[in-house]
Structure formats: C-alpha cells, structure tokens
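This briefing is for a reader who is new to the structure. It covers the chains, their pairing, and selected helices, strands and domains.

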Protein chains: 2
Amino acid sequence: MPVPPVPGEFRSGPLHLHDAALFTDLYELTMGGAFHREGMRETATFSLFARRLPPSRGFVVAAGLEDALEYLGGLRFTSGALEYLHSLGRFDAAFLDHLVDLRFTGEVRAVAEGTVVFRDEPILEVTGPAIEAQLVETALLNICHLQCVLASKAARVAIAARGRAVAEFGLRRSHGSDAGLKAARCAWIAGCESTSDVLAGKTYGLPLSGTMAHSFVTAFPDELEAFRAYARAFPDAAVLLLDSYDTVEGAKKAVTVARELAAAGQSLAGVRLDSGDLLILSRQVRRIFDEAGFPEVRVLVSGGLDEHDIERLLAQGAPIDAFGIGTRLNVSADAPSLDLVYKLVRYGDRDVLKLSEGKETWVGAKAIYRMRDADGKVAGDVLALEDEAPPADAGESLLQPVMRNGELLRPHPPLAEVRRWCGEQIAALPDGLRRLAGHAEYPVRPSDGLRARQAEAVAKARAMAP
Amino acid sequence: MPVPPVPGEFRSGPLHLHDAALFTDLYELTMGGAFHREGMRETATFSLFARRLPPSRGFVVAAGLEDALEYLGGLRFTSGALEYLHSLGRFDAAFLDHLVDLRFTGEVRAVAEGTVVFRDEPILEVTGPAIEAQLVETALLNICHLQCVLASKAARVAIAARGRAVAEFGLRRSHGSDAGLKAARCAWIAGCESTSDVLAGKTYGLPLSGTMAHSFVTAFPDELEAFRAYARAFPDAAVLLLDSYDTVEGAKKAVTVARELAAAGQSLAGVRLDSGDLLILSRQVRRIFDEAGFPEVRVLVSGGLDEHDIERLLAQGAPIDAFGIGTRLNVSADAPSLDLVYKLVRYGDRDVLKLSEGKETWVGAKAIYRMRDADGKVAGDVLALEDEAPPADAGESLLQPVMRNGELLRPHPPLAEVRRWCGEQIAALPDGLRRLAGHAEYPVRPSDGLRARQAEAVAKARAMAP
C-alpha cells in the first residue's frame, strides 16, 4: 500500500524525512535572510567536490545523486517549518514569506552515479538563485558525503576480494537507519554481491544473504541438534556457523549434517567461520569437507574483517569462497569522512574563491574531461571551465546536466546500470590506483583557461587582503 | 499538522522508517523460521553491551533507549513486508502466518539514558519469547550503537572544553539524516551547548547556533560590505567569519562593523576563525578587539577540530570563548564504531554462552551495582546476576525495568533530565577516567554468584568441544 505524499517530505526509499527543508544548518537560513534583505538575487554556482582525499583513498566513487535530486525536487517549507522558524525570532517576515513559495528552480550538472572521481573534481554543480543554491548546501553534502564514503570503501573491499563474493552485513553498526540502507546500496553499486539488510533488499531489489548467529547454536543444548534444526528449516540454503565452541569440532558436526542432507537428496550450502586464525581454520575446515567428499560446500569467513584482511588471506592462499564484511565497511572505519565541500565558485558575472590557508579552491563552473589510453585504461583528466572550448585531447566529458528549472531531465538510471558503470570505471583504473596501500597519484591537469581565470581571481582577492 | 500513524512504521522524530520490521538482518528471520519450525517457544534473555572499548574510550555514555523502546512498541509486519518475505521463497507459510500477529510482548530492563557504563555492562536486556527477542537484535544494536558512539565522543569534547561552549555543527558529514539528528541529540545530552541542525532544534527543542559561511563573504565584491550586510540583517546576533582572505585584516574590518553597531546602540556578538594557527590568530584577534574597546566580542574557532585540539588550545591559553565542532565529532572519527553486541545469555532454564576465541561472554540476566566513595565519586561496579542477592556493599542498582508485556512502564524522561543525569554521571567520574588519553581502568568486579554460574556454564560448553 503506497503511502500518500506529504508536502515537504524527503523520501529515500522507506525512509521519509518530514520537514526536510529544515534538514540544514542554521547559517544557510541566516545567510538566506541576509541575501534576501540585501536584494541579492543573482545566479550563483556552487561546486560539490572532495578538497583532498584521505591517505588511504586513491579515488572516490561518486554516489548519492539520485537522493540529492529527489531532495531538490521536493524542497518546500511546510507551515510547521515556517512556524518553527518564526518562533526563533531571528527572521524577518519578508524572508519567511519568501520561503513559503520557495522551490528549487536551478540547474544541476553532475557525474553519473558510480563514476570514479579525484580531488577537486566536482561530483555535482548547482547553479541557481543565490538563496536557493545556498540553502541546499547542508543536505546535498550530507546525502553525497555518506554515499561517496560508503561506495569508495566498498570498492576497496570488492577489489581485495578479486571476484570472490562479498556479503555486506554491517547494518547493526551502520550509523543509523539511513546509513544502513545506503551501505547496502553503495556496497552493491561498488561490487559486493549481497546484503543482509532485508529492508535494503526490498527497497533496492538487492540479493539477500544470511547465515545464523551464535545465539541460534547456543539456544540448543547441543550444537549438532542446532545444525540439524537449521538444515531442516532451510535444506537447500543452510550455512552453518562453526565457531560457537570449537571450529574444528563444529566442522565435524557439520559434515554429519552434510551427509544427512545428501542422503535425502539435498546439500549443505556452506559453513561460516567467525573467529580465530582464519587462514589456519579455513584450511582445516576445507580439508575436513574435501576428505568427507563435500568439495562443493562453500567456506565463508567473517569477524571484524576489512579489505586488508581479505587481501592478506587470499595472498596466503586461504581456501575461502566468500567474505562477510560488516562494521569496518559500514562505518568506513579507516576513513569515516571525506573532505567533501560545497563552494561558491561564481556569483553573478564574477568568479569567486576564498584564500583561507590550505583551502584555496578553483573558480568557475567546471567541466571534467577524461582521457583513455590505447588499452582503454583511464590516463588522466583535464579540469576545465564549463564555458571554454574542450582541450584538443579531450576525452569523455563527465559533468552533464541532470536537472533544469528544478525538473529532472531524465529518469534515474536503474541501480543495475549504476553498478555496471561503476564496475567499468574501476576496471579501467590503472593497477597502481587500485592498490589498497601506497596507491599511485592520478594526473588531473587544470586547463589553460581555468588557470588564467584562477590567477585573475586570486589577484583580485589578494588586493582585498594587502 | 501531525502525520497520521502508519502501521509498521518506526518514528524517530521527523524520521519515519516504513516497514521497520524489515530493518533487520536476514538471519534474524531465518533463525526465527527455524525456531518456529522446531516449536522453540521458550523465554530467552539477550544482553546488549560493549564487549570491549576502543583504546581511546575510558567509558561509554549509554544512549538510544527512547528510540529502542519506540521501535519495540511499534513492531509489526505490514502486508507489504510479508509479501516481500513470501517472494523470497525461503520461509514456510506457517512462519509467515506467525509474523502477521507478531508484536513485541517481552520485558526490557535498561540503564537510564545518559548513564556511564563500562565493558561487559548491559545497556539493556531483553527477555521474551525467543523469536521476538532474536528478531529485534539488529535494530536495537543499530539504534543503541549510533547513539552510544556519538554521546561517548561528545562527552570527551565537552570535557576538553572545560565549561566553554561547544556548538555541534557537523550535520553535513554525519552519516545520513538519522545520524545527523542523533548527533545533535547526543551532543546536547553529553554537554555541548547548541547545534546548527535546524531540524534537530525543532525536534528536540535544542538551542540553535550558526554563523556564516565563506560563500556569504565571497558573494560580495568586498569583505567589509559582506560583514555590514550580515550585521544589518542580524544586528544583535552576528558572528562574522574572518578568514576568507586574511584573518587579521578580516578582524580589522569586523572592528569597523562593531563600531558601527555600537553607534546604533547594538553590539557585535562574535567572530569566527576557521583556518590557520588558531592559537596565534585567536591571540591577535582578541588583542585587536580588546584594544578597540570590544572585550565582550566573543572569539569562536572551528576547522576540523576534535577534543585533543580543544585541550591543547586551552592548555596553551588561547583566548577562545567557544568551539564549533563538526566532522570529527559527528563521525566519531577516532572510534567510529563500538564493539556493541547482543548476546543470548539465557534460554529457558539454561544459562548459555559461546566459547569463540576472544569472545566469551558472561551468562545470565544481570544487575549492575555502582559504589561511590565519600566524595560522591564513583568507585567501582559489581556485575551480578539479576536473581542473586545484592552484594553487601552494593550501591545504586542501574538496570531497571522499563518495558513489560511490550508496554512502556513510564513515559520517556525529558531530554533536559537525560542531559542533567549524564552531566552528573560524568562529574562523578574519577579524574583519571576523564583523561582524554591514557585513562585509568575502572574496576568492574563480577559477583561471586556470577562467577559460579559462569564456571558451570563454561564446563558444560567445554564438554561439547572436547
């Protein structure tokens, strides 16, 4: 039964945020109030990009665009939101009146979800009336930041697994319900195979996977009886958890169950190891099943793993068929944030920038051109101005219009298409960029036009701070 | 206009999660299916606790209880959820029928939100029919994990600030909309003064604060004109951002505005520094305002700060009145996850545990007794069995019934009461525990009864793994 639309609500699948126009920092509204009072109605362009990457990240997987556009399309202030703003006693009546009819009427240019991007390269640019374009900063950053963080981490996990299946199962330690849904979505985009998150499965049509918890085993007085009970309930899909008491003893009991299933024409799907030395134990367990005549029983491992653990286990030749990855993927433990920013780059007919120490940014609305070498590998980008002629060697132009006058220019691509595109992007990276540690630097060259306009703007800004 | 209730929805303020019964890992449902098939209807008790703390955490601030109870109280499977589960082809009809009428009918015992707890101490315990008590694992962990992580981090930030105001303003890099709301809530519980998150302000009645962004300054051709425009709009509450071009030059222009405001009988509220060497710049800026006769203008600093930066700046005597703390608070950058678990400790009339390497847990439903010394400082806890007599030196008993037969036993406490209680808890910690690094270990002693029952259960479990 579909839920009727509620004005001012931001929907991201089953998650509905009411009064989403207030999903913002107070200063977006106070600045809006000041712009309004001053009659500043010019067109502004903001760029959303990573100012720098964490040391362990060679690239960012751009994600979150679908939600970002849904947020923009639904932006409006409800009477409840306006009453609350009025109650703060900070805003004049004329500005609150302006908010009553405020809609997002601007243009968005963006890279496709799943595109690999690098520092300083805009994931999206918003061009529109200053008050609108400023107001949406916080929500756009929140939405894109989370999904870029998660997809970029998941890409590393999938790269490390070298084609073996990865199940995302960290919902319990994702940062809330929104992050849980997005972790499943982003993990799948970036190459994981399945999620344990049932609501994400329903929402995004993702493959689900799951095994059993230790509580299931320990609820029975006897481990073998627990395994038998689970196999009775799921005779064709049982993955038995072996380490509640002793992994090797558990494996022997699982062989008993595999024999009982085989006698009934069924088969044990797999076993899971969740603690201890996974290299040694996976070898012991693999041997036990092979010797018992069950080479098809899959060995899954889990237990606080990340991409480095996966890489090490596979390099050591651990006979592992699949990985269950939770917490360290779902919170992106080594890099839980990205320095993603939303910067004013043009106001009216003027390029703008700030000179804050270590935070200088490129002026102007941008284009990104990506070159490929003869093998189809990406070979370097040019960061250029939107309004300059493409450089002679320009490849693909990545920033494309997706919204105009506040209206979507085309339907969102199906998630399977986003996943396919992301996979193609990652496959086209040079090996050095896919390394988990000590990755290469990707060449991003500012165009001549961009450098010239930047130099002009810097000179003007410096003149203000003699 | 209140939104009508939707069956099966989990509400956390303005955030509504539809089909919240599916906000779970698949294995909670497959285990439920197997329990159901086997007729396992006994009463189970699960403990939710931190198995160990991150190295930088001396204590955990328990948070999330209100949401956890709201989730339990509203648990039900909608027809849409049941259709989806049916479509998976994994569940038998009898189990799906069982889910139609499933409600949470169990008991919850919990510590009050804002209580300081330590490793192995349950934040809550659920006792109820095995299927229900198992099914709610993922959501309870997700809800409590996020808020414990955030409140514990915020407590460190507030401790470091030693009474100076801290504004939480990291919504843009919180992990999604849910985490953004909860960061504001948890920061306030744990001692921060305000948030920039307007929706959190409306939802929880929190004080809001905000200044301006660089984009506001750079939208004007001239920095002084930007400051004047903002002061015209907010003559009694303007905090001017000084570092768009050069902090000291910016401060001189802000003095001009302060003089203009003073001439009109108004006053500049403060200035913010967001980059550069904050010790040197805060001294320079303070001196500029003092010499100009504006000692009341407050100096705020921000820019990727965490509790260690605050401690260092204050130890060096930086003349800073308030801190704006964002990303590193909102993602709990140094410890973005806690090893929070939900473990079966009793099933029917039997204590249970697992022996998995490094993961052995205490059996049985628990009590926590907290002792205080003559100065009112907390002096040590006893972790005991719920059904044993309290030890002779028992202090306060922290785990109290909050839900019975699926019904709340009392209304949730107001958030101001949670904040007050949390403040009292943190004030009562010995100094060594409040240290940001190299904190002391807090003594938590298992009771004699707990040790005896644990030894029995271990012996029985070992017998299964010879």
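Two strands pair if DSSP finds at least two bridges between them. Helices (H or I, at least four residues) and strands (E, at least two) are DSSP runs, numbered from the N terminus. This is a predicted model, in which local features need pLDDT of at least 70, side-chain atom pairs count only at pLDDT 80 or more, and totals for chains, interfaces and linings use all residues. Residues are numbered from 1 along each chain as its sequence is written, while chains are lettered from A and ligands numbered from 1 in the order in which they are written.

**Chain A overall**

- Chain A has 17 helices and 21 strands, and its C-alpha trace spans about 80 × 55 × 40 Å along the principal axes.
- Of its 466 residues, 58% count as buried; a residue is buried if 20 or more other C-beta atoms lie within 10 Å of its own, exposed if 12 or fewer, and partly exposed in between, with C-beta atoms placed from the backbone.
- Two residues are in contact if their C-beta atoms, placed from the backbone, lie within 7 Å.
- Among contacts in chain A between residues at least 6 apart in sequence, 72% join residues at least 24 apart.

**The sheet with β16 and β17**

- In chain A, an open sheet of 4 strands has the order β18-β16-β17-β21, with mixed pairing.
- β18 (396-397) and β21 (444-446) of chain A are at the edges with a single partner strand each, so one side of each has no neighbour in the sheet.
- Strand β16 (residues 366-372) of chain A runs antiparallel to β18(A), joined to it by 2 bridges, and Y369(A) stands opposite S397(A).
- In chain B, strand β16 (residues 366-372) and β17(B) run antiparallel and are joined by 7 bridges; K366(B) has L385(B) as its bridge partner.
- These two strands, β16(B) and β17(B), form a hairpin with 5 residues between them, and G376(B) in the turn has a positive phi of about 85°.
- On β17(B), pairing with strand β21 (residues 444-446) of chain B is in the parallel sense over 3 bridges, and L383(B) stands opposite P446(B).
- Strand β17 (residues 378-385) of chain B is largely enclosed by the rest of the structure, because 6 of its 8 residues are buried.

**Helix α2 of chain A**

- Helix α2 (residues 65-73) of chain A has 7 of its 9 residues buried, so it is largely enclosed by the rest of the structure.
- The buried residues of α2(A) are L65(A), E66(A), D67(A), A68(A), L69(A), Y71(A) and L72(A).
- Their cover includes β1 (10-12), β5 (107-110), β7 (124-129), α6 (137-161), β19 (400-404) and β20 (407-408) of chain A.

**Domains of chain A**

- Chain A is divided into domain 1 (10-150 + 335-464) and domain 2 (158-330); the bounds come from an automatic or database domain assignment.
- The C-alpha centres of domain 1 and domain 2 of chain A lie 39 Å apart.
- Contact between them takes 18 residues from domain 1 of chain A and 19 residues from domain 2 of chain A.
- On the domain 1 side of this contact, α15(A) gives the most, with 6 residues.
- The domain 1 side has 11 nonpolar, 5 polar and 2 charged residues; Ala, Val, Leu, Ile, Met, Phe, Trp, Tyr, Cys and Pro count as nonpolar, Asp, Glu, Lys and Arg as charged, and the others, Gly among them, as polar.

- Strand β2 (residues 15-17) of chain A pairs with strand β2 (residues 15-17) of chain B in the antiparallel sense over 3 bridges, and L15(A) stands opposite L17(B).
- In total, 99 residues of chain B are in contact with 99 residues of chain A.
- Helix α1 (residues 26-37) of chain B supplies the largest share of chain B's side, 8 residues.
- By class, that side of chain B has 48 nonpolar, 29 polar and 22 charged residues.
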